[in-house]
Amino acid sequence: MAERHTRYAYKEGHAMKRKRKLAGGAKMGFLFALPAAVYMLVFIGYPMIQNLILSFKNVDVFSFAQPQNQKFIGFQNYIELFTSSNSILTKSIINTLIFTVGSIFFQFIIGFGLALLFNKKFPGCSFFRGMTMISWLLPVTVAGLLFKFMFASSGGIINQFLMALNLIDAPMEWLLKPGTAMVAIVIANIWIGIPFNMMLLITGLTTIPADIYESCSLDGANKVQTLFKITIPMIKPAIMSVLTLGFVYTFKVFDLVWVMTKGGPINSTELVSTYAYRLSFEEFQFSKGAAAANVLFLILLVVGIFYIKLINEEEESM
Amino acid sequence: MGKKEKRSNLISFIFGAIVFIIFIFPLYWMVVTSLKTQVEIFEIPTPLWPRNLTLEAFKAQLSASSDTLRGFKNSAIIAIGATLISTVLAIPASYGLARFRFKAKKALILFFLITQMLPSTLVLTSLYIMFSKVGILNTYLAPILADATLGIPFSIIILRTYFLSIPKELDEAAAIDGCSYWKSFFMIMLPIAKPGVIVAAVFSFVYAWGDLIYGITFITDPNMRPITSSIYNYVQQYQTLWNSTMAFGIIAISPVVLIFIFMQKYIVSGLTNGAVKA
């Protein structure tokens, strides 16, 4: 944040000089950025447009190799996906919402608690804080594998733990029952996502000047009051960033679920991402898979626009 | 230090330690399980540490006939390839977006920001068709090209904040000395931005190493599969051979854990810079 302020101060002082110098530099800046932009256009932008076109066609395993049989069918793929009896797409959207809201709720609460804890200075603080980061960095496939093992009905530690506490009588088949399978993937995802929430919130906390807390404790405010009256309002931008980014990143999760449940049992953990993948690469209904992926994109787009508006406001208010 | 402060430090330490233990337990469990015998794993209650410590699971994983090492090698090639592409493209782009003012600048930053948020499934089918037309399915090139798209936006965002933090006077001084843009970029900016470049490269590597979806889609030949994609097949095949599965998992995460141990400081700063400042 401080860095931004210096940048702005600098801008005012040197605006004149810089204008002259950068007149020729404008083209250079563009040239520097061009290769990366072209790369992303070729491998992300173009496929996105192709995906959109594909979703309006009828490409499947039969017409894949025969372009002459591929034709435009309008919104038919979308309509079929949404209106077929027992629409799996609708179900997967609901599942994804449950998965996302469930994950973010706990990630945020726990992450916020840990941020408050690790924002203090105490012996071992940076070691403990650093080590909790590893769950965020691990390949998600391995994390999924690990939780699949911990939730296993025989040999799984979670069942043994719950039985030792007399909470359950017999081992549960967590990943084989619809309700508990969702609980299991949410728990695994919470473990992965806490460090992300924690780190961003710690960054927010470090921007609060210490003297505000001092004057607060002089006024006799207790800890809970300080938290709700000072801390939370002061780091509201960081909180909004964490929540919106968290939503976007959680809503598109694929790997974890594919490894742990593959969307099962009976589509109970099917997310939009896993469903889109299944349509395209297990049922080879490429156009339908493209349509499902576009639905996922549309939902993310709405949240993404909200996030971008948010950082623009933040930038302008500085 | 006052008595009260000492006590609050102790309480914080205890909380911190509890959090640490809960967080690290799944990893501890992975290591312990990989060193147990199958019998011990299914014992009730299962021992919390291996009583008959055995390296059999690792031996089996690392034997010549196992696919694990091959998967590891494939992953290394793919992740290094993707990291190279991503870093080489991200360095100049972030420099250009940090140091120059031009019309499309804001739009470009926004573009990279958005590409970072896109789900892989959105481009997967089209990339598959594109790669199949060019004939690079089942080659390393397909996942390398796709994985680089994961690293580029993040690298640009991190590196841009790095370049922004370098005082402008430096390149102005270079310009007065008659340095060209290229020369001042290579001789002055790049050496200063080295820590940022390392963070960007590390993240690109970690992203590419962890990829599942591109690996399982573009590569169907088991001999070419990256290790994270073969995990998926492995689980299907050896469901309950948990010691062996966990040993496999440990081998698969080893590069990431090593990177984490040696570069923790960089990674933490990279994560916060990349995600918050954008």
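Me: What does the secondary structure of chain B come to?
Reply: Chain B has 13 helices and zero strands. Helices are DSSP runs of H or I with at least four residues, strands are runs of E with at least two, and both are numbered from the N terminus. Along its principal axes, the C-alpha trace of chain B spans about 75 × 70 × 30 Å.

Me: Where does this model come from, and how are residues and chains labelled?
Reply: This is a predicted model, in which local features need pLDDT of at least 70 and side-chain atom pairs count only at pLDDT 80 or more, while totals for chains, interfaces and linings use all residues. Residues are numbered from 1 along each chain as its sequence is written, and chains are lettered from A and ligands numbered from 1 in the order in which they are written.

Me: What is the mean pLDDT of each chain?
Reply: For chain B the mean pLDDT is 85, with 94% of its residues at 70 or more. For chain A the mean is 85, with 91% of its residues reaching 70 or more. Here pLDDT is the predictor's confidence in each residue, from 0 to 100. The model scores ipTM 0.89 and pTM 0.88.

Me: Where in chain A does pLDDT stay under 50?
Reply: That applies to residues 1–23 of chain A, for which the model has nine contacts beyond four places in sequence. Two residues are in contact if their C-beta atoms, placed from the backbone, lie within 7 Å.

Me: Now the interface. How many residues of chain B are in contact with chain A?
Reply: In chain B, 87 residues are in contact with 82 residues of chain A. Helix α13 (residues 242–277) of chain B provides the largest share of the chain B side, 15 residues. By class, that side of chain B divides into 64 nonpolar, 19 polar and four charged residues. Ala, Val, Leu, Ile, Met, Phe, Trp, Tyr, Cys and Pro count as nonpolar, Asp, Glu, Lys and Arg as charged, and the others, Gly among them, as polar.

Me: How do α5 of chain A and α1 of chain B cross?
Reply: The axes of helix α5 (residues 125–132) of chain A and helix α1 (residues 3–34) of chain B come within 9 Å and cross at roughly 25°. Axes are lines fitted to C-alpha atoms, for helices over the stretch in contact, and angles run from 0 to 180 degrees between N-to-C directions. α5(A) and α1(B) are therefore roughly parallel to each other. Angles under 35 degrees count as roughly parallel, over 145 as roughly antiparallel, 65 to 115 as roughly perpendicular and the rest as oblique.

Me: Which residues make that contact between α5(A) and α1(B)?
Reply: From α5(A) they are A:Cys125, A:Phe128, A:Met131 and A:Thr132, and from α1(B) they are B:Gly16, B:Ala17, B:Val19, B:Phe20, B:Phe23 and B:Ile24. The contact of α5(A) with α1(B) has eight nonpolar, two polar and no charged residues.

Me: What about α14 of chain A and α6 of chain B?
Reply: Helix α14 (residues 272–281) of chain A and helix α6 (residues 120–134) of chain B pack at an angle of about 10°, with their axes 9 Å apart. α14(A) and α6(B) are therefore roughly parallel to each other. A:Ser273, A:Ala276, A:Tyr277 and A:Ser280 of α14(A) contact B:Thr121, B:Leu124 and B:Thr125 of α6(B). By class, this contact of α14(A) with α6(B) has three nonpolar, four polar and no charged residues.
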